[in-house]
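Hello,

Here is the structure we talked about passing on. My notes follow it.

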Amino acid sequence: MRLVSCYIAGFGRIKDFSYDFHDGLNGVLEENGWGKTTFSVFIKAMFYGMEYSRRKELSEREHYLPWDGGTYGGNLTFAIGDKTYRVERTFGKKDTEDTFALYDADTGLASDDYTDSLGEEIFQVDRDAFEKSVFIPQEALETGMTDSLNAKMGNLSAVRDDMNNFDAAIKRVEDAKKIYASRGAVNPGKLIRVRNAISECNEALDKIPALNSAFEQKDEILGAQWAEYHALSEEKRVLLDKIAAQSKKEQELGAYREKQVSIESAKETLEEMEDFFAAGVPDAETFGVVEATERDWAVDRTRLAELMERLPDEAEQKRLEELFDDYDVQREDIERWNGEVRRIHALQIECQHLQMSEEDRSLLQELRIYFQKKVPTADELTETMNQASLLAQIDGQMEALEEQYRDAEMETKQLMRRRKAGTGGFAVAVLISLVLFAGGVVFHFYTLPSTVTNLVQWICFLGGALLLVVSVAVVIRSRIMDKRTRLDAQMELSDAARVLEEKRQQRVDVAATCHEFLQNFLVTPTESLQQMVVEIQRKADSYERLLEAEHKYLDQTAESMDELSGLQVSLNASLAHFGICYDENLEDGGDADVILDRLEKDLKAYNNLLDDRKAVLELKQLVASQEDVVRGFVSKYPTNHEQSYHEQIQNVHLTAEQYQGLKGRLERLQQEVAEFEERYDVNEEVEGVEELQAKQAQIDERMAQLRDMTAKGKSEIAEIAEEIQQLEEIAEDLEEYRRQEKEIEERIALLDDTMRYLRQAREVFLSRYMGPLRKGLRRYLNELHITGLDPEQVDLDMDLNVLLQSNGATHKAEFLSAGYQDITALCARFALIDALYEQEKPMLILDDPFTNFDESKIATSLDLLGKLSENRQVLYFTCHESRMPKDA
C-alpha cells in the first residue's frame with residue numbers, strides 16, 4: 001500500500017495545499033509552525049476520520065478546524081495492489097456533519113470497495129492501534145498493546161495476564177501444596193493433621209464398652225431411689241390432708257369461742273343505741289335528702305356572698321343607671337358604630353394613598369420631557385419598525401450582491417487570461433504548417449524524383465495547407481465565441497453593478513426615513529435601529545399607562561371624600577350623649593374609638609349588674625328554705641350542737657349505719673354458732689396439728705436426701721451419656737477424616753500436574769508470540785550500533801513495554817536517558833510493524849521523532865530509515881536540516 005498524492009482544502013492552518021508522494025522516503029523539511037503535524041494528522045484523518053467528543057477540553061476535531069472558517073477537509077489518492085483510489089472527506093463541528101466519498105482514480109467512478117471505516121478495513125486495526133504502530137507522532141515514540149493490536153497479532157492479551165503472573169501462579173501452586181503436604185513439626189500440612197486426627201479417633205472409640213457398663217449400673221440405682229421417693233410423696237400427701245382438716249377444725253373452734261364473746265358485747269351496745277334513736281332510725285332516702293340539702297345550702301351561701309361582693313359600689317351603680325336607663329343601647333349598635341369608625345379610618349387612609357408613588361411621578365415627568373416633541377402613534381411605530389427590518393434585509397442583500405459583483409468581475413478577468421492563452425496555440429499551428437511547407441519544398445527541389453518523394457512532397461503541402469486552414473477556422477470561431485462570452489460577462493458585471501447601486505440608494509432612503517423619525521426623541525444610540533424603536537415603544541406604553549393612572553387617582557379621591565363626610569355627621573349624632581358623659585365631645589375633637597371602647601365596657605358592666613341583682617334575690621329565698629330543712633332534722637337527735645350542721649348530720653348518719661351493721665352482725669354470729677354446734681363435738685380428743693407436722697418434717701428430710709441423690713445420679717448418667725455421644729460423633733468424624741485424607745491426596749496429585757502443565761505452556765507461548773517481537777527489537781538495535789546498550793539485554797513484556805536486563809534484575813525503560821528511551825521505543829515500533837504487516841506493507845508516518853537524539857544517533861537512525869524505505873513508503877517530517885535525510 002502506498003500514497004500517491006493529496007490535496008488539503010482546509011485543515012488547521014494549511015489551506016489550498018497539494019502534495020505528490022513518491023516511493024521510498026518522502027522527506028518534508030519545514031520550519032516550526034508550518035503545519036507538519038497538521039499534515040500528518042490530515043493523512044490519518046483521511047483514513048480514520050475525525051473523532052467527535054462532548055468533553056470540555058479541546059478535541060482533535062476542534063484543534064484542526066480551519067482558521068478562516070473555510071472548507072474543512074480535502075482528498076487523498078492511494079494505491080493498493082493494482083488499483084488506485086481517491087478518498088474525499090470533509091468535516092464539521094460534529095460527526096453528523098462529516099462527508100465521505102471514495103472514487104476509482106483510474107475510471108473516476110464512485111467505488112464501494114471500502115466504506116467510511118477505511119482505515120480499519122485497509123490496515124485491519126482501529127485508530128488507536130494505527131497511532132501505536134505506523135503513525136509515529138512527535139514526542140510519542142512509545143507504543144503499547146491495544147485490543148485491536150491484540151486481535152491483529154492473534155489474541156495476544158488473552159494469555160497476557162497468565163504469562164505476567166506465571167511466577168506468582170507457580171508460587172501459589174507450591175504454597176497450596178505445602179498447605180496440604182508439609183511435614184514440619186511446627187506447622188504440619190493438612191494431610192499430616194488429618195492422619196493424626198484419625199489416630200486420635202481410633203483411641204477414643206476403644207472407651208465405649210466400659211462407659212456403657214457404667215451407664216447401666218447408675219441407671220438401676222437411680223430407679224430404686226426414684227421408687228422410694230414416690231412412696232414418700234404419697235404418704236406425705238395423706239398426712240397433709242389430715243393436717244389441713246385438723247387445722248381447719250381447730251381454727252373453727254377458736255372462732256366459735258370468739259363469736260360467743262362478740263354476741264354478748266353486741267347485745268350491750270345495741271341497748272345503748274336504741275336510746276339515741278328514740279325518735280326512730282332514719283332510712284337511707286331521708287339521709288340522702290338531708291345531706292344533699294346541707295351541701296346545696298353551703299354552696300348557695302358561698303355563691304350569695306360572692307355575688308354580694310361582686311356588685312359594684314353605690315356610686316358606680318348610680319353612674320351606670322344614669323348612663324343607660326334613658327338610652328336603649330344594644331351590642332349590635334356598638335358593633336355598627338365600630339364599623340362606621342373603621343370605615344372612616346379606611347376612607348381617611350384611602351384619601352391619603354390615592355396618589356401616585358414618588359417613583360411613578362418622577363417617571364411620568366421624565367417621559368413628558370422625552371415625548372415633548374411628539375408622542376408616537378402605534379402606526380408610526382409599526383411603520384418605523386418595518387423600515388428598520390427592511391434596512392437590515394437590504395444590508396443582507398447588499399452583501400450577497402457585492403459577492404455576486406466580485407464573482408462576475410473575477411470571471412471577466414479569467415476570460416481575458418484564456419484569450420491570451422489561445423493565441424499561443426494558433427502560433428504553434430502556423431509554425432507547424434510552415435515546417436510542413438518547408439519540408440515539401442525540400443523534397444521538391446533537393447531530392448531525386450520518385451514515387452515516394454512525390455508522395456511525401458504532396459503530403460507535406462496538403463498537410464500544411466489543411467493545418468493552416470483548420471487553425472485559421474478554429475481561431476476565427478474561438479474569437480467569435482470569446483467575444484460573445486466577454487460581452488455576456490460584461491453585461492452580467494454591468495447588471496450586478498446597477499442592482500448594487502440601486503440597493504445602496506434604497507438603503508440611504510430607508511435610513512434617512514428612520515433617522516428622521518428618531519430625531520423626535522432622546523433615544524440612546526445603539527447599533528440596531530430595531531432596538532431603538534423597541535425602546536421608544538416601551539417608553540410610549542409606560543407613558544400611556546402613567547397618564548391613565550393619574551386620571552384614575554383624581555376621580556377616586558372625590559368619591560371617597562363625600563362618603564367620609566356623611567359617615568362623620570351620622571356618627572357624631574349617635575355618640576353625642578356618651579361623648580359628653582366621657583368628656584370626649586366629638587365636635588371638639590373627641591376620639592370616637594375611646595368613646596366606643598368605654599361604652600362597650602360599661603354596657604357589659606350594666607348588663608352584669610342587672611343579672612347579679614336578680615341572682616342575689618333568688619339565692620336569698622333558696623338559702624332560707626334550705627336552712628329550715630337542715631335545722632328541723634338535727635333537732636330530733638341528741639347531737640353536739642356546738643358542731644356544724646354538716647358534722648351533726650354526719651354523726652347521726654354514722655351512728656345509724658353502726659346500729660344497722662351491729663344488728664345484722666349479731667344475727668349472723670348467732671346463726672354461725674348454731675351451725676358449728678350442729679357439726680362438731682367440741683369436747684372430742686384427737687391428734688394435734690403439731691404432732692402431725694413433726695411426722696411431715698421427717699418425711700420431708702428423707703425426700704430431700706433422695707432428691708440430692710437422684711440429682712447427683714442424673715448428673716453422673718448425663719456425663720456418661722454425653723461422653724458416649726461424643727465418642728459416637730467421633731466415629732462420624734473418623735469417616736469424614738478418611739474422606740478428607742482421600743481428597744487431599746487427590747488434590748496434591750492435581751497440584752503436581754498443574755505445575756508441570758504451566759511450565760510446558762509457558763515455553764510454548766514464549767516461542768510462538770513474543771519471540772518474533774523480541775527478535776525484531778534486537779535486530780533493529782543491532783543495526784543502529786548503539787554504544788553502551790547491549791541489544792541482548794533489551795526485552796519486551798506483554799504490554800509492549802521495553803525492559804532492560806542488568807545484573808540479574810529487570811528494569812523499566814524509564815531508567816534510560818531520554819535519547820535511549822526514544823531509540824528503544826522506535827525499534828519496538830518497527831518490530832511491532834513487521835509482526836503486524838507481514839504481507840501488505842503500509843506506509844510509515846514519522847513526525848520529527850528524533851528531537852531527543854544526538855548527532856551520532858540521528859545519523860544511524862536516518863540510515864535505518866533509509867533501509868526501511870527500500871521496501872516500503874516512508875513519510876518523514878522535520879524542522880531542521882540536521883535531522884533531514886540527504887537523499888530525501
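This is a predicted model: local features need pLDDT of at least 70, side-chain atom pairs count only at pLDDT 80 or more; totals for chains, interfaces and linings use all residues.

Residues are numbered from 1 along each chain as its sequence is written, and side-chain values use heavy atoms, with hydrogens and water left out.

Strands

Two strands count as paired if DSSP finds at least two bridges between them. Strand S1 (residues 2–11) pairs with strand S4 (residues 73–80) in the antiparallel sense over 7 bridges, and Arg2 stands opposite Ala79 in S4. S1 is also joined to strand S2 (residues 14–20) by 6 bridges, again antiparallel; here Ile8 faces Phe17 in S2. The S1 and S2 hairpin has 2 residues between the strands, and Gly12 there takes a positive phi near 65 degrees.

For exposure, buried means under 20% relative accessible area, exposed means over 50%, and partly exposed lies in between (1.4 Å probe, protein chains only). Since 7 of the 10 residues of S1 are buried, the strand is largely enclosed by the rest of the structure.

Helix H1 (residues 36–48) has 13 residues, which at 1.5 Å a residue should span 18 Å; its end C-alpha atoms are 19 Å apart, which agrees. The expected span is 1.5 Å times one less than the number of residues. In H1, 12 of the 13 residues are buried, so the helix is largely enclosed by the rest of the structure. Among the buried ones are Phe39, Phe42, Lys44 and Phe47.

Glu535 is in helix H16 (residues 529–574) and counts as buried at 15% relative accessibility. Leaving aside residues up to four places away in sequence, Glu535 touches Val523 and Thr524 (contact means heavy atoms within 4.5 Å).

Salt bridges

A salt bridge is a side-chain nitrogen of Lys or Arg within 4 Å of a carboxyl oxygen of Asp or Glu. By this rule there are 31 salt bridges.

- Glu741 and Arg195 form a salt bridge at 3.0 Å, N to O. The pair links distant parts of the chain, with Glu741 in helix H20 (residues 689–784) and Arg195 in helix H8 (residues 190–205), 546 residues apart. Arg195 is partly exposed at 31%.
- Arg739 and Glu743 meet at 2.2 Å, N to O, and both lie in H20, 4 residues apart, about one turn of the helix.
- Arg331 and Glu335 have their closest N and O atoms 3.4 Å apart. They are separated by about one helical turn, being 4 residues apart in helix H12 (residues 331–353).
- Lys44, Glu60 and Glu131 are linked in a network of salt bridges.

Surface patch

Leu468, Val472, Ile476 and Ile480 make a nonpolar surface patch of about 310 Å². Patch residues have over 30% relative accessible area and no salt bridge, with like charges joined within 9 Å and nonpolar side chains (Val, Leu, Ile, Met, Phe, Trp, Tyr) within 5 Å. Accessible areas come from the Shrake-Rupley method with a 1.4 Å probe; for residues, only the protein chains shown count as cover. Leu468 is in helix H15 (residues 451–518) and counts as partly exposed at 32% relative accessibility.

Regards
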